Amino acid sequence: LVLVLLPAFVIHLLELKVPIENMATSILLAFVGFGLISSLATWFVNRNRGQYVEFRGGSMMSKLTNKVSYLDYVQLENEDTQKLMGNAINAVGSNNDGLEGIIHKTTKLATAILSLGCFSLFMANLSIWIVALLIMVSVIQVYSYKLASKYVLKNVSVKAEYEVTKNYFKRQVYDVNSGKDIRIYQLKNWLTHAYQRANQKYQKIVAKEKLHYFANDLICLILQLARDGSCYYYFIQLLKNGMGVAEFVLYMGIIAAFSSYFNEITVQLMGFERDQISLDFYRDFINMKTIFNHGEGEKLDQNKSTYAIEFSKVSFSYPGNEDGEIQQKILDEVSFTINEGEKLALVGTNGAGKSTIVKLLCGFYVPDSGQIRINGVDLKEMDLDDYYRYLAVVFQESFVYSFTLTENISCQSLEDSDGKRVQHALMDSGLWDKIKSLPKKELTYLNKNIDQEGIQLSGGEMQKLMLARALYKKCKLLILDEPTAALDALAESEMYEKYEQVISGKSALFISHRLA
């Protein structure tokens, strides 16, 4: 509003033939006042921007991270969940879109609406018909923009699907574990082309979006030309009939500002709608219900030192494809019992369903039919978090983070870790002789992502580390899902002997495809 008034104010002073000293003083005071307002506005913008980022990147992103870790595995593995998660990440991953976009756009909308109210009052004093013309043209522009944005909103899910694919290829390229295969098998061209194909499909949608917006821009340009031409003609006639130059400049400035702010409202409203859809994805993801119970449901008897496991006519098949095709059953009415403190080996050929049994026992999947009971309690009825406190699983593919050995064993921060328990676990697993020779001992980092002095463990040492992790947990049920598959015969024998020594008093299930 001040920017519109200033030129008219200067011309008004000239029309009144105010002495040059007084005019200079008046103009200087006007610009100082405007400078103070602008400085204050800039200070608020910068101050608020930091708060917005802190809220989005702190509170909202933390909720998202916690939810990803909280969802049941079967949900996280689902393709629809992956798409929804991608959209949820977009809602809190940008300064200008999603949650923060809504905050910025709300401020701009409020500014534009207040400004339009002021301009309309000024213009209504001269001609209500001019105000009506401006509003009518602006409403048509809004409708045109809405048609263009409708195509964009319709393709949000499709774009998200391509973004998931693109991000997958990027993760594979950046993953150190994939680096060896990429180089040995010269996969870079294949991965690059696969990424480019997904990106081309993505860019086709973006190009069509831009085409729709270009058509909208063309329509708006024609409307603005007709509107401004009519207004200019009207005001020029008033100028001929005695309107002052300052008044003419004021109203012409209002017309230009009116158009600018109505366009601003249009853009912000449409952007607001996109951001709202993005935030709806975030809300849908955060509000997803888990399949199993977490923090509620039946709890196991903590006084028992071991678990009894019962599979009763359990059948399971992995989800079918999008065409509704039913997959072949992996398990068909499988029944067996592991008594308290019993140690069994489950041996079978590859693809026989051994790992599927482990995933069902871990609550990663839900049986199609039948029941899995832990100490007589149906797994679907119990508190899964409580169950996990006493369950330890060593998978064929070990997971480690580039943190200290202590943190990788305790799966907690250094402050929350019990140093003596870590050392005992390392001793019992047979890894302490190596670790005690290191300068920082159990505080040594793994890998070199965080600490350049980090170490790499061999396959056998990695399995000992996994055993130390299971021992630290003081589990009551230990599951070994082909943990020695990558080891040679001697290392495998040593590893199983070590397991046999440390699992006294625990229930245990050994999974292997090798009968030996």
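## Aromatic pairs

Counting ring pairs here gives 15 aromatic pairs, where rings of Phe, Tyr and Trp (its six-membered ring) pair if their centres lie within 6.5 Å. Planes under 30 degrees apart count as stacked, over 60 as edge-to-face and the rest as tilted. One of the pairs is Y234 with F235, which is edge-to-face, at 5.4 Å centre to centre and 65° between the planes. What is the relative accessible area of F235? F235 comes out at 0%, so F235 is buried, while Y234 is partly exposed at 30%. Here buried means under 20% relative accessible area, exposed over 50%, and partly exposed in between (1.4 Å probe, protein chains only).

F364 and F395 make a stacked pair, because their ring centres are 6.4 Å apart and their planes sit at 25°. This pair links distant parts of the chain, 31 residues apart: F364 is in the loop between α11 (354–361) and β4 (369–374), and F395 is in the loop between β6 (391–394) and α13 (405–410). F395 is partly exposed, with 29% relative accessible area. F364 and F395 also belong to one aromatic cluster, together with Y73, F316, Y318 and Y365.

## About the model

This is a predicted model, in which local features need pLDDT of at least 70 and side-chain atom pairs count only at pLDDT 80 or more, while totals for chains, interfaces and linings use all residues. Residues are numbered from 1 along each chain as its sequence is written, and side-chain values use heavy atoms, with hydrogens and water left out.

## Helices α7 and α9

Helices (H or I, at least four residues) and strands (E, at least two) are DSSP runs, numbered from the N terminus. Helix α7 (residues 156–174) packs against helix α9 (residues 188–240) at an angle of about 155°, with the axes 9 Å apart. That makes the two roughly antiparallel, a label for angles over 145 degrees.

On the α7 side, the contact (heavy atoms within 4.5 Å) includes V158, Y162, F169 and V173. On the α9 side, L191, Y195, Y202 and I205 are among the residues taking part. By class, the contact has 11 nonpolar, 2 polar and 6 charged residues. For that tally, Ala, Val, Leu, Ile, Met, Phe, Trp, Tyr, Cys and Pro are nonpolar, Asp, Glu, Lys and Arg are charged, and the others, Gly among them, are polar.

## T406 in α13

T406 is found in helix α13. Is T406 buried or exposed? T406 is buried, at 5% relative accessible area. Leaving aside neighbours within four places in sequence, T406 is in contact with C411, L414, S417, V422, E442 and L443.

How values were computed. Axes are lines fitted to C-alpha atoms, for helices over the stretch in contact, and angles run from 0 to 180 degrees between N-to-C directions. Angles under 35 degrees count as roughly parallel, over 145 as roughly antiparallel, 65 to 115 as roughly perpendicular and the rest as oblique.
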